[in-house]
Protein chains: 2
Amino acid sequence: MPGPRPKKPSLRRSPCPVSGCLDLIGDRWTLLVVRDLFWGKRRYGEFQASPEGIPTNLLADRLERLGAAGIVARRPYQRNPPRYGYTLTRKGRDLGPVLSALVAWGKRHIPGTRTLDEAAPVSRPSRKSRRTGRA
Amino acid sequence: MPGPRPKKPSLRRSPCPVSGCLDLIGDRWTLLVVRDLFWGKRRYGEFQASPEGIPTNLLADRLERLGAAGIVARRPYQRNPPRYGYTLTRKGRDLGPVLSALVAWGKRHIPGTRTLDEAAPVSRPSRKSRRTGRA
DNA sequence: AATAGTTACTTGCAAAAAGCAAGTGACTAT
DNA sequence: ATAGTCACTTGCTTTTTGCAAGTAACTATT
């Protein structure tokens, strides 16, 4: 069979870019995975260890969807033992301003929120992040 | 028990501002209503007329939640017949940068998206928006 | 060489939310 | 009176979420 699949049967709701974004990332978990990727997390277990506690089946589903959307790429990042990890594509990294805007709004308008670092997620992952356990 | 209720029984998933944002606006419809409000729409019927076609029960639910979150305010905007409309609060208007970032990302990475106007939603709703029907 | 442990998932199922259609009440225009 | 509009509400089916348990591959331990 020449063409296995046309592209995506998921019909877009409207030509509005906001609507298009929400079709891809409009739920309570997807952007948290992207946030973790900005923080330098790459492995399945690291995403699971985030304080929000994403259910494992949803994590697998979101990673698959993010991959299908071209926002993340799965690739080996270590051998012996061979391990595969997830990284942001260019398309995914371009979500940085979205996360930054959310962080700014949240810090201003949601009491009790705080970032671990001062750095906005648009910055590259800090090298000296200690692994005191998680997060 | 000193206080009758702290504030909201909806438990926050983590102190992360991204997580806090997604608890409020992390779904496929809420930000579309906010977008419409930025476009100057105020009435229930105007939100319904948007091309995405939000189900009426979800629209009512989202408006109630946005009100409870302090993002929109319901208030009379006309009398005889008395009509109530929805407007963005300061907190709601501060979502402008989030929408702008989403628009920028969508226009860059989602093929086939287009904005009706050139104006980004961060600008205040234009006064001279003609009511040629919708949008 | 079994045994146990870690990692990265998959599967099953109950509960919640989404989505659709129809209905309701207040007011208005004919 | 009758019909129409507006802003919702209600009922019901489908889809998604969330939780727990299970599985496969590989590694470290005894």
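Guide: What follows is a set of questions about labels, each answered from a value and a cut-off. One caution comes ahead of them: this is a predicted model.

Visitor: What makes up chain A?

Guide: Chain A holds 6 helices and 2 strands. Along the sequence the order is α-α-α-α-β-β-α-α. Of its 135 residues, 40% are buried. Among contacts in chain A with a separation of 6 or more, 43% join residues 24 or more positions apart.

Visitor: How do you know that the span of α6(A) is close to what is expected?

Guide: Helix α6(A) covers residues 96–109, which is 14 residues. The expected span is 1.5 Å times one less than the number of residues. For α6(A) the expected value is 20 Å, and the first C-alpha to the last also spans 20 Å.

Visitor: Which residues of α6(A) are called buried?

Guide: They are G96(A), V98(A), L99(A), A101(A), L102(A), V103(A), W105(A), G106(A) and H109(A). The label requires under 20% relative accessible area.

Visitor: What do the buried residues of α6(A) pack against?

Guide: Elements of both chains. In chain A they pack against α2 and α5. In chain B they pack against α1, α5 and α6.

Visitor: Why are α2(A) and α6(A) called roughly perpendicular?

Guide: Their axes cross at roughly 105° and come within 11 Å. The perpendicular class runs from 65 to 115 degrees. The angle falls inside that range, so α2(A) is roughly perpendicular to α6(A). From α2(A), the contact uses L31(A), V34(A), R35(A) and F38(A); from α6(A), it uses G96(A), L99(A) and L102(A). By class these are 5 nonpolar, 1 polar and 1 charged.

Visitor: What makes α2(A) and α1(B) roughly antiparallel?

Guide: The crossing angle is roughly 165°, with the axes within 10 Å. Angles over 145 degrees count as roughly antiparallel. The pair is therefore roughly antiparallel. The crossing of α2(A) and α1(B) is right-handed. L31(A), L32(A) and R35(A) on α2(A) meet V18(B), S19(B) and L22(B) on α1(B). This contact of α2(A) with α1(B) has 4 nonpolar, 1 polar and 1 charged residues.

Visitor: How do α1(A) and α6(B) lie, parallel or perpendicular?

Guide: Helix α1(A), residues 17–25, packs on α6(B) at about 85°, with the axes 8 Å apart. The range for roughly perpendicular is 65 to 115 degrees. The two helices are therefore roughly perpendicular. The α1(A) side supplies P17(A), V18(A), C21(A), L24(A) and I25(A). The α6(B) side supplies L99(B), L102(B), V103(B), W105(B), G106(B) and K107(B). By class the contact of α1(A) with α6(B) has 9 nonpolar, 1 polar and 1 charged residues.

Visitor: Why is α2(B) called mostly covered?

Guide: In helix α2(B), 9 of its 9 residues are buried. They include the charged residues R35(B) and D36(B), along with L31(B), L32(B) and F38(B). Just after α2(B), G40(B) has a positive phi of about 95°.

Visitor: Why is G85(B) called buried?

Guide: Its relative accessibility is 2%. The cut-off is under 20%. G85(B) therefore counts as buried. G85(B) sits in strand β2 of chain B, residues 83–88. Beyond four places in sequence, G85(B) is in contact with R42(B), A73(B), R74(B), R75(B) and Y77(B). R43(B) lies 42 residues away in sequence, with 5.0 Å between the C-alpha atoms of G85(B) and R43(B).

Visitor: What makes L24(B) partly exposed?

Guide: L24(B) has 29% relative accessibility. L24(B) belongs to helix α1 of chain B. Leaving aside neighbours within four places, L24(B) is in contact with W105(A), I110(A), T30(B) and A69(B). L24(B) and A69(B) are 45 residues apart in sequence and 7.4 Å apart, C-alpha to C-alpha.

Visitor: How do you know which class G67(B) belongs to?

Guide: The relative accessible area of G67(B) is 35%. G67(B) lies in helix α4 of chain B, residues 56–68. Y86(B) is 19 residues from G67(B) in sequence and 8.9 Å from G67(B) in space, C-alpha to C-alpha.

Definitions and conventions
Residues are numbered from 1 along each chain as its sequence is written. Chains are lettered from A and ligands numbered from 1 in the order in which they are written. This is a predicted model: local features need pLDDT of at least 70, side-chain atom pairs count only at pLDDT 80 or more; totals for chains, interfaces and linings use all residues. Side-chain values use heavy atoms; hydrogens and water are left out. Helices (H or I, at least four residues) and strands (E, at least two) are DSSP runs, numbered from the N terminus. Buried means under 20% relative accessible area, exposed over 50%, partly exposed in between (1.4 Å probe, protein chains only). Contact means heavy atoms within 4.5 Å. Axes are lines fitted to C-alpha atoms, for helices over the stretch in contact, and angles run from 0 to 180 degrees between N-to-C directions. Angles under 35 degrees count as roughly parallel, over 145 as roughly antiparallel, 65 to 115 as roughly perpendicular and the rest as oblique. A crossing is left-handed if the near helix is turned anticlockwise from the far one by less than a right angle, and right-handed if clockwise.
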